[in-house]
Amino acid sequence: MPNLLFRGLSHLTSACFLLFMTACAEAPAQSLVAAADNPSSPPNNQPEAVSEKLSFADWRTLLRSDAIAAGIDPALFDRAFAGVSPNPDVLLADSSQPEFTRPVWEYLDGAVSSQRVARGQSLLLQHGNTLERVENRYGVDRETLVAIWGLESNFGSNIGHHNVIRSLATLAYEGRRQVFWRSQLLAVLQILQHGDITPERLVGSWAGAMGQTQFMPTTYNEHAVDFDGDGRRDLWSSSADALASAAHYLQNSGWQKGQPWGFEVRLPQAFDYSLADPEVRRSLAEWTTLGVEPLNPPAQHLATETMATLLLPAGHRGPAFLLLSNFRSILKYNNSTSYALAIGLLSDGLRGGDGVRAAWPRGERQLGRSERIELQQLLLRNGLEPGPADGIIGANTRKAVRAFQLKLGWPADGYPTQELLVRLRTPL
């Protein structure tokens, strides 16, 4: 889902990878939840409670008045809300915080499977004419668009089955971030008013992400386009509209035409792993001077002054990647590093790439949520500043981990492990 707040839980929190590299396998660009590894992600605090004392019927009456004042047709509002009541399953999904999450390599195994690559390559041929026109208009390569299409909705075959009005009404009435959800609800009423879809066909994820590229309503209103020319922005039934809308979103997110997302690299011995920090940007020439070597050099010519950051998604024991500016554009679609990495690797696979060459540390067990909270508490006890003990390994926690690793003389990759947690439990 395109990121709303993170640019949205499609903004929503698909409650995915709460570890160093959060991943929302089935949630697209705006995953609100998807951005569990985003330091700016809103806290899991209590509902905003303005409507808590109102019955749902009274709350809906007030919403109806606001919607009509905003230009929504009263008959359309009544049709959209006919028979709508809060959905307890949506509240459960919104509040769920799984104790254990998949490591990045398991996520990538599914996201970049051979079956998905083969299906994507077939669709590249089938939709070649449309994709060529989209590329020409928006400057985003077709492989990246098809990769997004594949991860967001399995190429349009899984767009969600929830009544979007009911889901958003539930979250706006009694979920967390009620103000945010209310804005999404009013935005989806505007989509109905525009005539892009009927209330009966308005389905999506439990968090309100919609269509083959899983846009949240506010993102839809801003970036969805009618590419097939039928007069409607139909991300549910028109693959042309869905692909072009994703391209429009990426274009507005700073996509650089003709530039790759990044590439896998080999690091030299005795490398300073503290450089694997999203805040550390070096030119390709500088990385080369430090001994960083591409394993699969990109086909495109890259200027030596092109800036890049170093990513170690599984710490120093796993693969390493240099990331260019288009990786950040993918993050704006879904603020999950694992998601963006999956999109990049899947797009490479669609071009015939061989995949990741270095080995993943598959024998390592990921820290559970309670262990991540304990890790943060112990880092604080050691005089470091990991931020709130919320189980989310964000930028502050990674900096604190790196500082503690330096004290120990360990590779300072900022990656939390079982070994590190055990060491933290023993006073220095």
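**A predicted chain, from its buried loops to its pockets**

R177 counts as buried, at 7% relative accessibility; buried here means under 20% relative accessible area, exposed means over 50%, and partly exposed is whatever falls in between (1.4 Å probe, protein chains only). The model is a predicted one, so local features need pLDDT of at least 70 and side-chain atom pairs count only at pLDDT 80 or more, while totals for chains, interfaces and linings use all residues. Residues are numbered from 1 along each chain as its sequence is written, and side-chain values use heavy atoms, with hydrogens and water left out.

Back to R177, then. R177 sits in the loop between helix 8 (164–174) and helix 9 (178–194); helices (H or I, at least four residues) and strands (E, at least two) are DSSP runs, numbered from the N terminus. R177 is not a glycine, yet its phi is positive, at about 55 degrees. Most residues other than glycine have a negative phi. F155 is another residue of this kind: its phi is positive, near 60 degrees, and F155 is not glycine either. F155 belongs to the loop between helix 7 (142–153) and strand 1 (162–163), and with a relative accessible area of 9% F155 is buried.

Stepping back to the whole chain, there are 17 helices and 7 strands. Of the 428 residues, 57% are buried. Take the contacts (heavy atoms within 4.5 Å) between residues at least 6 apart in sequence: 69% of them join residues at least 24 apart.

What about the greasy middle? In soluble globular proteins, nonpolar side chains tend to be buried together. A nonpolar core is counted here as a set of buried Ala, Val, Leu, Ile, Met, Phe, Trp, Tyr and Cys residues joined through side-chain atoms within 4.5 Å. The largest such core has 89 residues, and the ones with the most contacts inside it are F81, I165, L185, V188, L189 and L202. Leaving out residues up to four places away in sequence, I165 touches A80, F81, V84, L185, V188, L189, L192 and L202. Another core, of 18 residues, lies apart from the largest one, and L275, L284, L312 and L322 are among its members.

D73 is in the loop between helix 1 (56–69) and helix 2 (74–80), and is partly exposed, with a relative accessible area of 37%. The D73 side chain also reaches the backbone nitrogen of A75, at 3.1 Å.

Helix 13 (residues 325–333) includes S325, which counts as buried at 17% relative accessibility. The S325 side chain makes a polar contact with the side chain of Q259, at 3.0 Å. A polar contact is a pair of N or O atoms within 3.5 Å; within protein, one must be able to donate a hydrogen and the other to accept it, and residues adjacent in sequence count only if both atoms are side-chain atoms. Setting aside residues up to four places away in sequence, S325 touches Q256 and Q259. K332 is found in helix 13 too, but K332 is partly exposed, at 40%. K332 and P2 are 330 residues apart in sequence, with 6.7 Å between their C-alpha atoms.

Grid points are joined across faces, edges and corners, and a volume is the space filled by probe spheres set on the points. The largest pocket holds about 580 Å³ of space. It is lined by 34 residues, with P260, P298, Q300, D348 and R351 closest to its centre. Strand 3 (262–266), helix 13 and helix 14 (337–350) are the elements giving two or more residues to this lining, and helix 14 supplies the largest share, 5 residues. The lining divides into 13 nonpolar, 14 polar and 7 charged residues; Ala, Val, Leu, Ile, Met, Phe, Trp, Tyr, Cys and Pro count as nonpolar, Asp, Glu, Lys and Arg as charged, and the others, Gly among them, as polar.

There are also 2 cavities of 30 Å³ or more. The largest cavity has about 50 Å³ of space, and D277, P278, E279, A395, R398, K399 and R402 line it. That lining splits into 2 nonpolar, no polar and 5 charged residues.

How values were computed. 1 Å grid on protein atoms, 1.4 Å probe; cavity = no way out; pocket = protein on both sides within 12 Å on 5 of 7 lines; lining within 4 Å.
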